[in-house]
Amino acid sequence: MPPHRQDGHHKDGAGIASAPVPNILDLAASSQGLRLLVRLHAEEPTAGLLETLRQDPVGRGPLALDRDDSQQAAALVDEVVSDLPERITRRSLAPLVADFAAIHINGGLRACPTEGPWLEERLRDDAAASLLRWRTGLETELRLPPLDRLPDDHAAAELAVLAALLDRGRTLDAVRFLDRHPLRWMPDFCSRVATRCREPFFAGIAILTNAHLDDLRDRLGDLCGLPRPADDGSDVRRRRRWTEGRFPRACTCDP
């Protein structure tokens, strides 16, 4: 068991064996939901991916939470998938592929899918070094497709780290990682995507991502006795700001 520091904090990525562990089915479901989000953020829409979502609707899977934003977003994604033709063709996928590219490839949406551009320049080197520490011991699975072609600070890559921590029962580490990385920038990224994308499918994915991370932080924080940092700005209005028409924090993709 890694040594505890006297100030009660732990180095990034250090395992904490004494963390309270929720019901294993809950952990497994949370990890499963994260891994679905990894696919949705990392993979260009294909007939195979959409057929998977048609067979296993989001609204009945691990991303289905008992909160309005999650339920409405899941219904939005499921409606888009159900409206696709029985035989999903490249033509029917074209709008989704174009929107995916605008979000994750060509910067057309001006919403960076990586953490670095959302941070002040002086904080970026430290954040990159922190991510390397968190990934220690997880590199084998974090380098499997489709993650092998993505930067370490891509949304999908950070979600995969979080899923790996949950798979190992490292619940306290999962809370600390959420605070140190995804929750510092993904709510702003998701808000930007939800308000700027052309396809409702990706608006739904963005809202589902934020809702899942938000719910996971509350739930694991309660279990581990770690309340949210006082300065994280995660009040209800901030979490729902895309429904209020408010603009998220800017990133360097949007000068």
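1. How are α7 and α9 oriented to each other? In this predicted model, where local features need pLDDT of at least 70, side-chain atom pairs count only at pLDDT 80 or more, and totals for chains, interfaces and linings use all residues, α7 and α9 are oblique to each other (angles under 35 degrees count as roughly parallel, over 145 as roughly antiparallel, 65 to 115 as roughly perpendicular and the rest as oblique). Residues are numbered from 1 along each chain as its sequence is written, and side-chain values use heavy atoms, leaving out hydrogens and water.

2. The axes of helix α7 (residues 155-167) and helix α9 (residues 182-196) cross at roughly 135 degrees and come within 11 Å, with angles running from 0 to 180 degrees between N-to-C directions.

3. On the α7 side, Ala 155, Glu 158 and Leu 159 meet Pro 182, Trp 185, Met 186 and Phe 189 of α9, where contact means heavy atoms within 4.5 Å. By class, this contact of α7 with α9 has 6 nonpolar, no polar and 1 charged residues, with Ala, Val, Leu, Ile, Met, Phe, Trp, Tyr, Cys and Pro counted as nonpolar, Asp, Glu, Lys and Arg as charged, and the others, Gly among them, as polar.

4. For the chain as a whole, the secondary structure comes to 11 helices and 0 strands (DSSP runs, H or I of at least four residues for helices and E of at least two for strands).

5. Of the 255 residues of the chain, 52% count as buried, that is, under 20% relative accessible area with a 1.4 Å probe. Among contacts in the chain with a separation of 6 or more, 75% are accounted for by residues 24 or more positions apart.

Methods:
Buried < 20%, exposed > 50% of the residue type's maximum accessible area, 1.4 Å probe, protein only.
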